[in-house]
Amino acid sequence: MIQWKLSDKRNLIVILALLLGAGFAATTLVSYYVSKAAVRESIVASELPLTSDTLYSEIQKDLIRPVFVSSMMAHDTFLRDWALAGERDDGSIIKYLREVKLRFGAFTTFFISERTKTYYQTEGVLKKVSETEPRDAWYFRVRSLQAPYEINLDPDQANRDAVTSFINFRVLDYDGRFLGVTGVGLTVDSVRKLVTDYQERFRRSIMFVDRQGAIAVFATRSSIAGGNIRDVEGLGAIADSILKGSGGTFEYRRDGHTHFLNARFIPELNWFLLVDRDEHEALTGIRDTLYLNLAICVVITAIVLLATSLTINRYQRRLEAMATTDKLTGLANRQAFDLLMAQAISEARRGREPLCALMLDIDRFKAVNDRHGHLAGDAVLQGVANATKSALRASDIVCRWGGEEFLVVLKRTPLAQAVTLAELIRETVEQQAFHYAGTDIRVTVSIGVATDAEGDGPQDLVERADKSLYEAKTSGRNCVRAI
């Protein structure tokens with residue numbers, strides 16, 4: 001019976017744990033996936049486009065400004081008049097280029113004359129450009145352009161071949177004839193520093209890509225360093241879609257993570273601005289919240305299960321006590337005594353030890369109730385129970401058998417010793433006064449003693465003790481009789 005209760009308790013705890021765990025997990029995971037979907041929607045619909053718009057504003061201030069400076073130089077009447085006048089004073093053009101450089105903070109400024117093929121820059125005349133010189137091919141390419149300018153990356157001969165981003169602008173006379181090429185240059189490192197600054201400020205991967213997919217500029221700590229986007233894992237599959245359009249939002253996978261990418265064509269630079277967002281990084285905060293919620297769920301579940309277990313144990317003990325204990329006297333009741341009696345007889349038979357039973361009855365107990373009331377009778381029952389228990393050993397068993405009767409089992413006790421102990425109990429009760437409502441109540445008890453016999457069962461021993469009690473009652477009460 002007890003084993004069934006323990007098993008039932010374990011089953012209840014397991015079921016409760018499963019219900020709590022499933023409920024918490026379902027709520028937390030649903031919240032996580034809803035938040036994840038909201039983050040994805042936010043990245044695609046607003047975050048990346050907004051970042052791209054903000055970056056475009058920054059680029060207009062930081063990178064497109066050199067394009068406007070080059071355009072201003074190409075349309076400057078001084079520059080065109082000087083070229084049309086025959087380039088007679090080198091000092092004036094050099095001074096002009098130096099002032100533009102200082103005023104706008106460019107890395108270099110230059111002008112190449114179509115008539116003389118002379119390359120002017122801030123420190124003087126650099127050289128004569130030639131169609132046979134590979135390093136001058138860009139000039140002859142720009143000369144034949146339909147567009148007003150181009151942006152290219154080349155070593156700057158005037159500055160120890162530092163890799164420079166040149167804005168090369170065509171210069172035309174007042175009748176639209178080609179006069180040469182002018183412009184400014186920014187070092188790639190300075191441009192890269194700007195992009196790195198953008199990336200750190202906006203916490204996005206940022207790069208510039210030309211029409212062919214070549215990565216023109218990337219951040220210092222970018223996971224994609226140079227090359228062509230066609231060769232980048234995941235990006236290669238959508239490269240054509242990016243380069244053939246004018247922009248949009250794309251999704252691809254790289255390094256096991258989903259990436260969202262916003263592409264925007266910047267006509268002033270003739271480049272695409274790519275803003276990349278790693279979903280894994282974007283979801284870091286949500287994942288941390290998920291783990292925290294799961295940890296809280298585990299703690300709450302553990303607390304609930306512990307509280308449930310303690311409550312069940314407490315009520316189980318109370319129920320067991322109620323089921324096996326007499327409420328008035330605190331002694332074992334008949335249900336508990338049946339189990340204890342059977343166990344005691346089994347131990348006595350196994351060890352071949354003597355076993356005796358005492359049946360005790362309060363004499364004229366009805367008179368106590370009639371004279372002093374039932375509450376006084378309850379006080380007497382409690383007093384007799386305590387007096388009986390105090391005279392016994394810890395190994396002995398005592399229970400309230402019913403009404404005013406008590407049954408005692410004495411382990412490892414021969415009949416003579418049991419009779420002596422019964423006399424001790426009788427004398428103790430007789431000499432004791434039980435107090436109730438200022439009144440001393442005295443009672444006596446009659447006790448029947450029986451010893452266990454071979455072949456007896458618990459009921460046989462109790463019946464013989466009851467028979468001995470009957471003899472004590474008929475013999476005048478307040479005495480002990482034994483079989």
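In this predicted model, the buried residues of helix α7 (residues 235-244) are covered by elements that include the strands β7 (205-209), β9 (247-254), β10 (257-266) and β11 (271-278). The residues of α7 that are buried are Leu-235, Ile-238, Ala-239, Ile-242 and Leu-243, and because they cover an arc of only 145 degrees around the axis, they lie on the same side of the helix. Ala-237 and Lys-244, by contrast, are exposed on the other side of α7.

In soluble globular proteins, nonpolar side chains tend to be buried together. Here the largest nonpolar core has 41 residues, and those with the most contacts inside it are Leu-55, Met-73, Ile-93, Tyr-96, Phe-111, Phe-208 and Leu-273. Helix α4 (residues 90-104) gives the most to this core, contributing five residues. There is also a second, separate core of 31 residues, which includes Val-384, Ala-391, Ile-447 and Val-449.

Strand β12 (residues 355-362) has eight of its eight residues buried, so the strand is largely enclosed by the rest of the structure. Leu-355, Ala-357, Met-359 and Asp-361 point one way from β12, while Cys-356, Leu-358, Leu-360 and Ile-362 point the other way, and all are buried. In a regular strand the side chains alternate between the two faces of the sheet.

Two strands pair with β12: seven bridges join it to the antiparallel strand β14 (residues 405-411), and seven bridges likewise link β12 with β17 (residues 445-451), again in the antiparallel sense. Leu-360 stands opposite Phe-406 in β14 and opposite Ile-447 in β17.

Technical notes
Residues numbered from 1 in each chain as written. Predicted model: local features only at pLDDT ≥ 70, side-chain atom pairs only at ≥ 80, totals over all residues. Heavy atoms only, no water. Buried < 20%, exposed > 50% of the residue type's maximum accessible area, 1.4 Å probe, protein only. Helix = DSSP H or I, 4+ residues; strand = E, 2+ residues; numbered from the N terminus. Arc of directions from axis to C-beta. Contact = heavy atoms within 4.5 Å. Core = buried A, V, L, I, M, F, W, Y, C linked by side-chain atoms within 4.5 Å. Pairing = 2+ DSSP bridges.
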